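Here is a short note for a colleague opening this entry for the first time. Please read the points with the structure in view.

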Amino acid sequence: MQYIKFGNTGMDVSRICLGMMSFGKPGKENGVFPWARDYDDAKPLFKKAIDLGINYFDTANVYQMGSSEEITGRLVRDFGLDRDEIVVATKVNCASTWTTSISTRYTASTQTRRWRRSWRRSTTS
Amino acid sequence: MEALHDVVKSGKARYIGASTIFAWQLERMQQIAERNGWTKFVSLQPQYNLIYREEEREILPLCRDRKMAVVPWSPLAGGRCAHPWGTKTARNAIDEVSPMVWGVTDALDKVVVDNLEKIAAAHGRTMARSHRRLDSRSPHRRGGFRARHHAIARRNRCARSSLRPAHQDRRVLILANVRSQVRRC
């Protein structure tokens, strides 16, 4: 696996990032990605990824209504990954930013609330 | 931006990044953060793949200038660039999001994907691998990009190409031409 500096942060990340959007509670009732795979299906894929040296994972609060974050947190914990050795990215806005103004979408209270929930999901599940 | 700054200060996140955003929005938000001494975005996550290259105009050069990390989403356009056009998969049979994202440009995208399929076949590679090769040689990847290469490439567009005529598609060609100029300089 090749590693590169993440912008000007000094962090080393694998050039391949594992997108955790594939994982979450399946089914329409759990979000807009009914094809999402649950924990048991995610486990071997995640193991393969970390065996290959991938240290960068990307999820979001909207991926299957937060269950992707939960699975990500659970996998990180179950494989005993060192939090200093991996990078987990998540996202806290629930809609794209096509035309509406920044100010209406990014109010402080909604941002902080989403962050708090996001953080709780990926660290305690 | 202050709310995001608070998240970093409280230790819940180490860095913040922006995703799917216009160049003017990113620049404005960075300025607001800078003016107030708040945490700035260190990365951008734009859509970037062979059927969506709009970001090459404004925001990728901006990120390069600001030394921001760029992490493309849907690097294979949700699978559209990974298999021949119209291939049915278990996922796309029930996926309602992909048609929302790419449906409106189907007619244009088909041309690109068809060409990618031909290029992949000619080189005996999977489409995904051919896509990655074209992409990894893009001037928007690490190193090599300077604005003047764009101008040279525009002038020489179609004049020289490493692709055979049968595979010529304008969007793929621009990439190939920019690429050859970068390699030369």
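1. Start with the fold of chain A. Chain A has 4 helices and 5 strands. Read from the N terminus, the order is β-β-β-α-β-α-β-α-α. Keep in mind that this is a predicted model.

2. Next, the packing of chain A. Of its 125 residues, 43% are buried. Take the contacts between residues at least 6 apart in sequence: 67% of them join residues at least 24 apart.

3. Now helix 2 of chain A, residues 67–78. This helix has 12 residues and spans 16 Å from first to last C-alpha, close to the 16 Å expected. Its buried residues are A:Ser67, A:Ser68, A:Glu69, A:Ile71, A:Thr72, A:Gly73, A:Leu75 and A:Val76. Just past the helix, A:Gly80 adopts a positive phi of about 60°.

4. Look at the aromatic rings. Over all chains there are 5 aromatic pairs. In one of them, A:Phe33 and A:Trp35 have ring centres 5.0 Å apart and planes at 35°.

5. Finally, charges over rings. Which ring does the charged end of B:Arg91 sit over? It is the ring of A:Trp35, with 3.7 Å to the centre. Within chain A, A:Arg74 lies over the face of A:Tyr39, 3.6 Å from the ring centre.

Key: Residues are numbered from 1 along each chain as its sequence is written. Chains are lettered from A and ligands numbered from 1 in the order in which they are written. This is a predicted model: local features need pLDDT of at least 70, side-chain atom pairs count only at pLDDT 80 or more; totals for chains, interfaces and linings use all residues. Side-chain values use heavy atoms; hydrogens and water are left out. Rings of Phe, Tyr and Trp (its six-membered ring) pair if their centres lie within 6.5 Å; planes under 30 degrees apart count as stacked, over 60 as edge-to-face and the rest as tilted. A charge sits over a ring if NZ of Lys or CZ of Arg is within 6 Å of the ring centre and within 35 degrees of the ring normal. Helices (H or I, at least four residues) and strands (E, at least two) are DSSP runs, numbered from the N terminus. The expected span of a helix is 1.5 Å times one less than its number of residues. Buried means under 20% relative accessible area, exposed over 50%, partly exposed in between (1.4 Å probe, protein chains only). Contact means heavy atoms within 4.5 Å.
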